[in-house]
Each structure stands twice: as C-alpha cells, then as structure tokens.
Amino acid sequence: MNRLFSAFTVVILGLLIVSCTGETVDYTEPIVTKPEPSEPCEPSVPTVDLTDELPEVISPSIASAPLSSIPYESIDGFNDFSWKFYLANSECSSKNVCVSPLSVGAVLGMIANGDDGPARNEILKTLGFEESEDGLNALNAYYQTLMSNLPNIEEGIKCDVTNTMWCDPFAFRIRQTFMQTITDSYYAYGIGINPGGENGQKAINEFVEKNTNGLIKNFLSSPLVISLAFLNTLYFKAGWSQGFEEYATSKRVFLNIDGKEKETDFMFRCDMMEYAETEDGTQAIRLNYGEKGQFSMTCVLPSSRINHIPLDEVLTTDNIRSINNGMKEEYVMMWLPKFEIESNNQKTIDVLKGLGMENICSGRYVFGRIAAAEDFSLVCFIHATKLKVDENGTEGAAVSLGGMDNAVGPGFEETSIHEVVFDRPFIFYIQENTTGAILFIGSVKTFS
C-alpha cells in the first residue's frame, strides 16, 4: 500500500511541474540536445617561450659521439664546400682573406631545419649533403658531434662555438619541434630579442664581442631590417706544439700580389716538420697546436714555377687531398711572416648565391617550419673574422648571421733539408686533425 502511494505521488508531482511550465513531454522519443554549429579549427601547434636576456653560453661538457664516428662522406662533402666558399670570397679581393666555413655552415644548418622541401635541399646541396631528410639528419649529426667535441679536445686550447636564434617573442611563436631540433643538434639558445633596429644591433654586437673575447667589435655596422636571425660565434686560441723563438724573428721582404715589395717581420724555425710537395711544385707545411696536436695550421706555398697562375688555382680539391695525404716528417727550414687578418663581409649573401643558393638568397624559397603560421625568407647574410698569428700561436674568431623576415626579400720522399720561405702570397687553413674539419681558411696576399 505504501509503494502504491509513493508511485502515485511521483506521478502527480510530475504532472504539476509540466502544467506549471506549460510544456508537454513526449515520452515516445528520447530527448536529444544538438550542439551549436561552430567554425572548424586547426589543431594548435606547440610553441616555445624565449627569454629576453642574453644567455651565459655554456659549452657541452660531454661529447655526443666520438669525432671518429663522423662518416667520411660528411667530412669530404663539407670540406668541398669549405674550399668553394673560400675561393668565392678570395676571387673578389686582392686583399688578405680569412673565412670560417664552420661558422657559416652552422647558421645554414639551423636554417635548413626550417623547411622540408626545395629550400632545405638547396642548402644541403651547397653544403655537400644528400638532398633529403636523411641528408638533413646527416648534417645535424655532423654538427652535433663537432659541437660537443671541439670545446673539450685539449686543456689549454680554446675552441668555443655558440649558436643562437633571435626573434621578438610577441611577434612570432617559434615551433617547439624546430627549437628542439636546433637545440639538440647545434646546442642553440633562443633569445627573445628582436634582431632588427638599433636595439637589436646593440644587443647582437654586445653578444658577439663577449663571445669572441673582444676580437670582433661592432659586428653590425648599422641596424638590420629583419625580424628573425640565426647567429654563430667561433673563438679559437691555441699555442704551437713547438713555437717560434722571438729572437729568431727578423726583417725580410714580402712580394705582394700586385708585384710591390714590402719589408715585414718573419718568424724562423729549423726542425723536423710535417711537409708535403705536390707534382706541380706546391709546398705545404703543417704546424700543430698544443701537446696532443689535434688542431693544426697548414700553410701552402705555390711553386715559383707557376707564379704567373692566380694564387688560388693551386687550391683544387685534389691538390688539397694530395697535400693532406702526403704529409711526412721532413727536416725543414721555414720562414713565415707574422700576420693579422680582419674581414667583415656584409654581402656574404651574394657569395652564397654564386655557390648555388640562388633561390634561397633571392627570396624565392621560404621556410615554413620555424614558426607557427609564418613563412620566412633569407634576406641577409653577414660573415666576419679576425685572425692573429705570431711566435706564440694563433688567436682567431668568426661570426656568421643569417637574417630572415616573414616577407619575401632579396708524395715527396727526398731526404734533404727543405727551405721554404713564405715571402709571396700563400694560403693557410686551420683544421681539427681527426676529422679534417676546417675552422678557418685564408690567404696572405699583401702587407701594407
């Protein structure tokens, strides 16, 4: 009886509620609530936040892999680019020249990760890598191994490399996947400062001067009209494994490339050295740095028999391979001038065009994988170096900047004493000896 009363009460209350609202309920169909139509939306792209403070750059303390793990084809391909890049800069000038392919390649490598098509492939081809995702992975692995090894090869030798990306964090949202890649492979830091304008110029110049130990000042001579920049700095300082005695330095005459003579200071050394001579008479001497000799400078002197040939025609890939493979311990009397070279090419983008990057450097190819909903074009490339060579060793620095915007823009075996006098234009290159990776290439053509 109680159950019947309770059920009757529930039915009565339900009827009262319906009558009060003025609505009727159809119990034959279930109630369905339809959502309001909405605009379709793309899934959100994970992005990163960037600090607006200049970072205290710390070199990797543990190597990602040994230098010996770098494939030969990666070394050979990149070194081929290194010679071509030097030649393209040298042929434009009768002055002394010094460039750092390692620095330039780091900036181009970071930028290459911003695309998965023709823009990426054009960079890979120029740098000597396969035009594919596998080629990009090989380039990234090449730099990851170098970046994690170079600063720690030998105590007492400085080889510090920094990579940074600069942009206004309120203008663009940098993709997390892109930032993670360049952080993992290039140990890059993201800096939330707009690289354009006077504030960007001041911040970049301050950063460059600090990270090149004051060798390169006022890297940017004027403000840039860019919104994104990739920046590399390289600082190298090492003493000779076996130095030159200062008391042996004396005045000798150097024959400049224009035929004029100039007296300057020549260092002297007479000892067993690594020496090579090619079939055309080109001579080369390798001078090692530090106790382990893992870095070296090789000085290349064209034969006097081919002085009528332009200096750089001796610098073919085959000639350099012959020199590197033909090095043997020989007794050498060597005179080498002390020299200092400083260069700053604000138009390096024109050099890159000539090396096969016509589409990228003309803004016809863009990079869409860097930031969410943004396509960037390469609008400028600046490269600067400074190198000092004396009795104690070598100190050098290099900087490369790739500026972008999100709008399209522009074998000898004779056992005798070899006397080698570098008293006419000669070529030099500084490399890591395990891999042959080239830090600096240049030529001394004139003394003023």
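**Figure 1. Arg252 is placed over the face of Trp335.** The distance from Arg252 to the ring centre of Trp335 is 4.8 Å. A charge is said to sit over a ring if NZ of Lys or CZ of Arg is within 6 Å of the ring centre and within 35 degrees of the ring normal. This is a predicted model, in which local features need pLDDT of at least 70 and side-chain atom pairs count only at pLDDT 80 or more, while totals for chains, interfaces and linings use all residues. Residues are numbered from 1 along each chain as its sequence is written, and side-chain values use heavy atoms, with hydrogens and water left out.

**Figure 2. Aromatic rings form pairs and a cluster.** A pair of aromatic rings is described by the distance of the centres and the angle of the planes. Rings of Phe, Tyr and Trp (its six-membered ring) pair if their centres lie within 6.5 Å; planes under 30 degrees apart count as stacked, over 60 as edge-to-face and the rest as tilted. There are 20 aromatic pairs in the structure. The ring centres of Phe339 and Phe428 are 5.2 Å apart and the planes stand at 40°, so this pair is tilted. Phe339 and Phe428 are both buried (buried means under 20% relative accessible area, exposed over 50%, partly exposed in between, with a 1.4 Å probe and protein chains only). One aromatic cluster consists of Phe78, Phe81, Phe85, Phe129, Tyr142, Tyr143 and Tyr186.

**Figure 3. Helix H3 packs against helix H5.** Helices (H or I, at least four residues) and strands (E, at least two) are DSSP runs, numbered from the N terminus. H3 (residues 101-112) and H5 (residues 133-149) have axes 10 Å apart, at an angle of about 135°. Axes are lines fitted to C-alpha atoms, for helices over the stretch in contact, and angles run from 0 to 180 degrees between N-to-C directions. H3 is therefore oblique to H5; angles under 35 degrees count as roughly parallel, over 145 as roughly antiparallel, 65 to 115 as roughly perpendicular and the rest as oblique. On the H3 side, the contact (heavy atoms within 4.5 Å) is made by Pro101, Leu102, Gly105, Ala106, Gly109 and Ala112. On the H5 side are Leu136, Leu139, Asn140, Tyr143 and Leu146.

**Figure 4. Helix H4 is mostly covered.** The axes of H4 (residues 118-127) and H3 come within 9 Å and cross at roughly 150°, and these two helices are therefore roughly antiparallel to each other. Their contact joins Gly105, Leu108, Gly109, Ile111 and Ala112 of H3 to Arg120, Ile123 and Leu127 of H4. Of the 10 residues of H4, 8 are buried, among them Ala119, Glu122 and Leu124. The cover over the buried residues includes H2 (72-90), H3, H5 and H10 (358-361). Just after H4, Gly128 has a positive phi of about 90°.

**Figure 5. Asn213 and Asn218 have positive phi values.** Phi is near 55° in Asn213 and near 50° in Asn218. Asn213 lies in the loop between helix H7 (197-211) and strand E4 (228-239), and Asn218 is also placed between H7 and E4. Asn218 counts as exposed because its relative accessibility is 58%.

**Figure 6. Met333 belongs to strand E9.** This strand covers residues 328-337. Met333 has a relative accessible area of 22% and is therefore partly exposed. Its C-alpha atom is separated by 6.7 Å from that of Asp271, 62 residues away along the chain. Leaving aside neighbours within four places in sequence, Met333 is in contact with Phe268, Arg269, Cys270, Ile417, His418, Glu419 and Val420.
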